[in-house]
Amino acid sequence: MDDLAIIGSGPAGYTAGIYAARANLEPVLFEGLESGGQLMLTTDVENYPGFDQGIMGPEMMQVFKNQAERFGTKILTETVDSIEKIENGFKLTTSKNTYEFKTVIISSGASANWLGVEGEKELQGHGVSACATCDGFFFKDKNVIVVGGGDSAMEEALFLTKFAKNVTVIHRRDSFRASKIMQDRVLSHDQINVSWNKEVVEIKGEGQVSSVLLKDSQTNEVEEKEIDGVFIAIGHTPNVSFLNGFLELDEKGYIKTGSTTATSTSVPGVFAAGDVADSIYRQAVTAAGTGCQAAIDAERWLEN
Ligand code: NAP
């Protein structure tokens with residue numbers, strides 16, 4: 001039975017790997033389907049301390065990965081499907097195999113939310129996207145909308161101005177929840193308009209997005225807006241489905257932590273770090289911080 005499994009390969013998982021490997025725990029990290037996590041879908045990361053000129057998200061995750069591997073973290077390209085308690089440890093079942101570990105750190109992150117409106121699913125990859133970094137290039141000189149009012153929506157809108165002729169941010173209320181600096185950049189950008197109090201109720205197009213139906217959330221009036229691309233940036237859902245009730249979750253569906261140590265969960269010997277256990281801060285730097293805490297918690301738990 002190995003000492004430690006780390007489930008997930010974002011900033012929390014890799015940081016846990018760095019710390020646990022340096023503590024000689026020889027951690028095994030399951031990187032899952034979305035290797036590198038949400039930062040793989042980001043452009044410039046400007047607020048991670050240590051990178052004074054900023055760094056691209058995917059490049060940053062490669063650096064994290066290199067650092068975790070340098071100290072001996074074993075990285076498996078497998079997705080954990082389930083976890084169960086066995087004597088003195090835990091059994092993980094992946095897409096390829098089963099493994100046994102004495103402790104587990106869960107850092108499986110969170111995934112983008114979708115609106116769930118007509119046309120959204122059918123037109124994904126044909127004008128509907130949740131990743132400007134991945135798909136922005138296809139909208140050179142086109143008109144696009146970004147749905148949402150948080151930092152992600154601001155970031156997507158600003159990034160899209162590099163390609164699109166015009167970007168309209170569609171928000172369901174009359175104020176953004178994004179940080180002031182990001183709001184200011186969006187509101188002062190001459191390629192970006194904001195449509196307040198509007199909800200996308202349908203995305204239309206024959207094989208490619210051609211328009212959206214927008215409902216005014218105050219008057220309920222519906223208008224059709226011709227558009228080439230729809231970028232959805234309305235938050236995230238924690239990746240906990242593989243747990244199948246194995247751990248206690250909070251009312252928002254994130255893993256409950258902190259009963260004994262910062263990253264302890266409802267099951268002794270299982271720790272959680274990063275976005276899967278954080279509905280509030282959700283920053284790369286806070287995820288990395290909790291990844292470090294989880295590795296230290298796991299190490300001390302093994303000692304005891
Ligand atoms: P978020 O802060 O939760 O914002 C989600 C936005 O989507 C909100 O404006 C929300 O509207 C809207 N929304 C949610 N469901 C919707 C629906 N069904 N239809 C229409 N609109 C909907 O999520 P986020 O922007 O992804 O940010 C998550 C966290 O990551 C935040 O802590 C953020 O600061 C951080 N982040 C930071 C950076 C950065 O610092 N560079 C970049 C990206 C993200 P309401 O406002 O009406 O609820």
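Trainee: How much space lies in the second largest pocket?
Mentor: About 250 Å³. Bear in mind that this is a predicted model.

Trainee: Which residues lie nearest its centre?
Mentor: T257, A277, D278, Y281 and T290, out of 18 residues that line the second largest pocket.

Trainee: And which helix gives the largest share of that lining?
Mentor: Helix 6, residues 284-303, with four residues.

Trainee: How do the lining residues divide by class?
Mentor: Seven are nonpolar, seven polar and four charged.

Trainee: OK, switching to the ligand. Which residues come nearest?
Mentor: G149, D151, S152, R173 and R177, from a set of 20 residues around the ligand. By class, that shell has nine polar, six charged and five nonpolar residues. Helix 4, residues 151-160, supplies the largest share of the shell, three residues.

Trainee: What does S152 do at the atom level?
Mentor: A polar side-chain atom of S152 is 2.6 Å from an oxygen atom of the ligand.

Trainee: How much of the ligand's area does the protein bury?
Mentor: The protein buries 78% of the 920 Å² that the ligand exposes when taken alone.

Trainee: Why does the ligand lie between the two domains?
Mentor: Because domain 1 (2-112 + 236-303) and domain 2 (128-232) both give residues to the shell around the ligand.

Definitions and conventions: Residues are numbered from 1 along each chain as its sequence is written. This is a predicted model: local features need pLDDT of at least 70, side-chain atom pairs count only at pLDDT 80 or more; totals for chains, interfaces and linings use all residues. Side-chain values use heavy atoms; hydrogens and water are left out. On a 1 Å grid over the protein atoms alone, a cavity is a set of points where a 1.4 Å probe fits but cannot get out, and a pocket is an open set with protein on both sides within 12 Å along at least five of seven lines; lining residues have an atom within 4 Å of a point. Grid points are joined across faces, edges and corners, and a volume is the space filled by probe spheres set on the points. Helices (H or I, at least four residues) and strands (E, at least two) are DSSP runs, numbered from the N terminus. Ala, Val, Leu, Ile, Met, Phe, Trp, Tyr, Cys and Pro count as nonpolar, Asp, Glu, Lys and Arg as charged, and the others, Gly among them, as polar. A residue is near a molecule or strand if one of its heavy atoms lies within 4 Å of it. A polar contact is a pair of N or O atoms within 3.5 Å; within protein, one must be able to donate a hydrogen and the other to accept it, and residues adjacent in sequence count only if both atoms are side-chain atoms. Accessible areas come from the Shrake-Rupley method with a 1.4 Å probe; for residues, only the protein chains shown count as cover. Domain bounds come from an automatic or database domain assignment.
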